[in-house]
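Subject: Two-chain model, handover and findings

Hello,

Here is the structure I promised to pass on. Please open it alongside this email.

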Amino acid sequence: MYDVVVVGAGCAGMRAAIEAYDTGASVGVVSKLHPTRSHSGAAEGGINAALGNTAEDSPEKHAFDTVKGSDYLGDQDAIEIFTAEAPGDIYQLEHWGCVFSRNEEGKLAQRPFGAAGSPRTVYSADITGHVLVHVLYEQLMKRMEEGSLVVHEESFAWRLMVEDGRCVGVVCWDLVRGGVKLVTGRSVVLATGGMGRIYRATTNAYSCNGDGMAMALHAGLPLKDMEFMQFHPTTLYPSGVLITEGCRGEGGYLLNRDGERFMARYAPNALELASRDVVSRAETTEIEAGRGINGSVLLDLRHLGAEKILTRLPGSRELAMTFAGVDPIYDPIPVRPGAHYMMGGVATDNWGATELEGLYAAGEVACVSVHGANRLGGNSLMETITFGRRAGRAAAEHALASGRRGEVSDAPARDAERDLAQLLSRTDGERPWKIRDELGASMLENFGVFRYPDRMERQLELIQELRERYRNVVVEDKGEIFNTDLTQALELGYMLDLAWCMVQAGLAREESRGAHSRPADFPERDDERFLKHSISRWGDDGPELSYEEVRMTRWQPEVRTY
Amino acid sequence: MKVALKIWRYDGATGEKALREYEIEAPEEATLLDCLDIIKDRHDGTLAYRKSCRMMICGSCGMRMDGAAVLACKTRMAEIAASGHVPVISAMGNLPVLKDLVVDMTPFWQKIRAVKPWLDTGYVEPPEKEFVVPQAEMDVIHKESLCIMCGCCVSECNSMEADPDFLGPAALAKGFRFVGDPRDRATVERLQAYSDEHGIWDCTRCYFCNERCPKGVDPRDAIAKLGAEAMREGIDSDMGARHAKWFVTSAKTTGWLRETELVPKTQGVVRSLKEIGFAMSLLRRGKVPPPFPPHVAKDVDEARQLYELVEREGHEGARGIVQLEKPLARLERHEAGYEEAAARGPYGPGSFPKPYLPGENESTEEGAA
């Protein structure tokens, strides 16, 4: 038994593991991927901290921008902690060797980003997530060498183990060898990331299926603000991969089919650097009004010149050339909004603690809430580091204080073996891919950038149908070794349950706030009724919804314009 | 479009192997990874391969196509399908296969860990804020820090095929990422360790790693930089180092490579005595010039000036090998018409019109692209 088990090994998971280890705990990391394959590595544009290296800045300014960006749904005490601790966390990453880009003085360079009052996004060209994942894995390897940090890679965590009201580990399926195994600990940190794969058009990796959220939901824990899925304004047509906000931070334009910088009509001051929800709505409006090209608008970098594109945005150029056949030095890039980031997640306090003793969460799987109804670009990487560290610290302290425990029951392993054997023994029925594709297409259609009551109702019904079909799903691969056919089927089950929570919470939120926009029936924000977090809990008949107050410190809601 | 693939299937449980052919219908923009997904969904759920980001950054989907390593998510299939060629897809080389296209990466990561891949700032206490380092000094490790650890270079490494203990291109490139980092203070220890047997000098310079790297890391260049830095630090006892060193000395002093002296300079006098018979037979057949008197090239001054120039400009060690090209600029084009775009420039005839702000330019006739 470890002191701390960390589930997931992206930025949040690795940061939590490092901190727990440095606090004195033995640590087991469980991840369905090798750590460097985690989707944190696909983050491009940067990581926000008020260092003031490029222009004057302060944690207070960063906090205000974040509160306003969240459409006042973010918990302000969490946001103040976040922005105050961010600079120190960045310096630590730099001391560990992170390869950040430098300004002319040789300090960390900072670029402007959407809805930020000052250039505060620290970056490494446009592969910031990649350099973070690798520096964190370097630090992990250093500690693995020392001994009491072990990584169980390619182990698919499937269920939480709860005993006497405490979380004591996870039930895993060993992808490499096959078979169920238990990884137990005195504390568990969930850091499994997001769930963009619930949508057909998404920037997210194939592995972003909401595993941790679903595990927590089924262990009786509350999920918070699940209706808030961020649509990123610049995902490449047709593949859907991310083209960084850094392109606009460096001065890129958004154009409609006429070559007009249409953002001037939607956000006259911030233009292309308005908040993501605002830009995604503007693009969708342009496309729906027939001013798009192939259901896309254009991201124009030509005026930046070859030198800037090659030094600051080489990865974006590589993506555009490989997947769209467009060289942004010579031609604009076709882009459209795509599902990108789940603002909601497992409800935690400011130390990542959940309602269940011994269970913590950090990163995209968690909802502290820093992002509220709309996340600012560059804030998610920072959140993984700052709250990954806090959750790792809290989990280690809990584990070290809780003392030795007797043996943990292995009944969860037998239950899991029985359930998996039953699934694998089924030979008649439908394979999962069609259900997955229908879920993805319908979520995009009915629960996308704009949300209409009739479509949301239809989506709820459809999810029930899909869940019904899922009961008879067939796994074709019956083998033990690297059976992704099995794990993909399990992931689909997660996504169907989470989709239900999302649409239910969306239908009940009768207002427009941040990423949740209802132009037909409730076009305005309604602070009177909905300045509240939605809370989804799994009941006897599916998710049950309730509400919780937003924690406010210094900023009262104002009209939000850019 | 119709895509046909042959895939080497391997069952790790039974050891059975089979080359299976699949024919599928795929969208025009499909990559190799998209095609594998279609096969797994609609034709054969038992096919095993790794995938995650599908955007060339996670490094999961390294595999071989027609015997050479590729990232499946980076490989567009349209041209191949149109040509009628049926590519053979197999697992990466130099690593044990677990199932189908999935290899055991354990030996790969063991070698990465063997180079102590974490920053060692030695006795230096980190400053209160960041280490201040000019961008130009960080550019030295720009290419190495692009590595996504996909294993494509290792798959194709000829030295590793001959010597499975060779550290290999990925680990050595990772090593240079620290040797070249001005914040790292373990340079000499690192260079000494990497210069041991199975290290820097065991690379055969076949350049397959540079060729197959999907990210432009150029691992062979990183190995060259390590070699240059090692010699600059005086770590040159390995035969490979002595060999390289003699090349430089010989070219500088005579303008020629003096092969007869190369062997004793590289292997030492005692060992090269054994080679005398062989050397004599080469001499008899006119394959080597007589060693005495040393032959000096007519324009030897030019060679010497080159050497001095490198010294004067400060391009010693790794800096002499850093090519300042931006690796991602060297992308293969995937669509016809790319060269035309470069020829017409960003705003030439046929380009998308120049942008305007609302009200700034009402004439949009030329607009619709």
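Predicted model: local features only at pLDDT ≥ 70, side-chain atom pairs only at ≥ 80, totals over all residues.

Residues are numbered from 1 along each chain as its sequence is written, chains are lettered from A and ligands numbered from 1 in the order in which they are written, and side-chain values use heavy atoms, with hydrogens and water left out.

**The interface**

Chain B puts 92 residues in contact with 92 residues of chain A (contact means heavy atoms within 4.5 Å). The area buried between the two chains is about 7400 Å². Buried area here is the accessible area (1.4 Å probe) that two parts lose on being put together, summed over both. Carbon and sulfur atoms give 57% of it. On the chain B side, R54(B), E130(B) and F352(B) supply 10% of the area buried against chain A, more than any other three residues.

There are nine salt bridges across the interface. The rule asks for a side-chain nitrogen of Lys or Arg within 4 Å of a carboxyl oxygen of Asp or Glu. One pair to look at is E318(A) with K215(B), where the closest N and O atoms are 3.2 Å apart.

Which elements of chain B supply at least two residues each of the side that touches chain A? They are helix 1 (32-43), strand 6 (97-99), helix 3 (106-114), helix 4 (135-138), helix 7 (168-179) and helix 16 (338-344). Helices (H or I, at least four residues) and strands (E, at least two) are DSSP runs, numbered from the N terminus. Helix 1 of chain B gives the largest share, seven residues. That side of chain B divides into 50 nonpolar, 16 polar and 26 charged residues. For the classes, Ala, Val, Leu, Ile, Met, Phe, Trp, Tyr, Cys and Pro are nonpolar, Asp, Glu, Lys and Arg charged, and the others, Gly among them, polar.

**Salt bridges**

Over all chains the count comes to 79 salt bridges. D75(A) pairs with R551(A), closest N and O atoms 3.8 Å apart. D75(A) sits in the loop between helix 2 (59-69) and helix 3 (76-95) of chain A and R551(A) in the segment after strand 19 (542-549), so the pair ties together parts 476 residues apart in sequence. D75(A) is buried at 0% relative accessibility, while R551(A) is partly exposed at 30%. Buried means under 20% relative accessible area, exposed over 50%, partly exposed in between (1.4 Å probe, protein chains only).

R389(A) and E85(A) also meet in a salt bridge (2.7 Å, N to O). R389(A) is in helix 11 (residues 379-402) of chain A and E85(A) in helix 3, 304 residues apart. R389(A) is buried at 15%; E85(A) is partly exposed at 26%.

D415(A) and R418(A) form a salt bridge too (3.4 Å, N to O). Both lie in helix 12 (residues 411-425) of chain A, three residues apart, about one turn of the helix.

**Nonpolar cores**

A nonpolar core is a set of buried Ala, Val, Leu, Ile, Met, Phe, Trp, Tyr and Cys residues joined through side-chain atoms within 4.5 Å. The largest has 188 residues. I47(A), I90(A), L93(A), L5(B), L32(B) and M63(B) touch the most other members. Another core, of 73 residues, lies apart from it and includes C172(A), V183(A), V408(A) and L424(A).

**Two single residues**

Q76(A) is in helix 3 of chain A and buried at 0% relative accessibility. A polar atom of the Q76(A) side chain lies 2.8 Å from the backbone nitrogen of T553(A). G315(A) is in helix 10 (residues 314-324) of chain A and buried at 7%. G315(A) and I243(A) are 72 residues apart in sequence and 8.7 Å apart in space, C-alpha to C-alpha.

Best wishes

Key
Polar contact = N/O pair within 3.5 Å; in protein donor to acceptor, adjacent residues only side chain to side chain.
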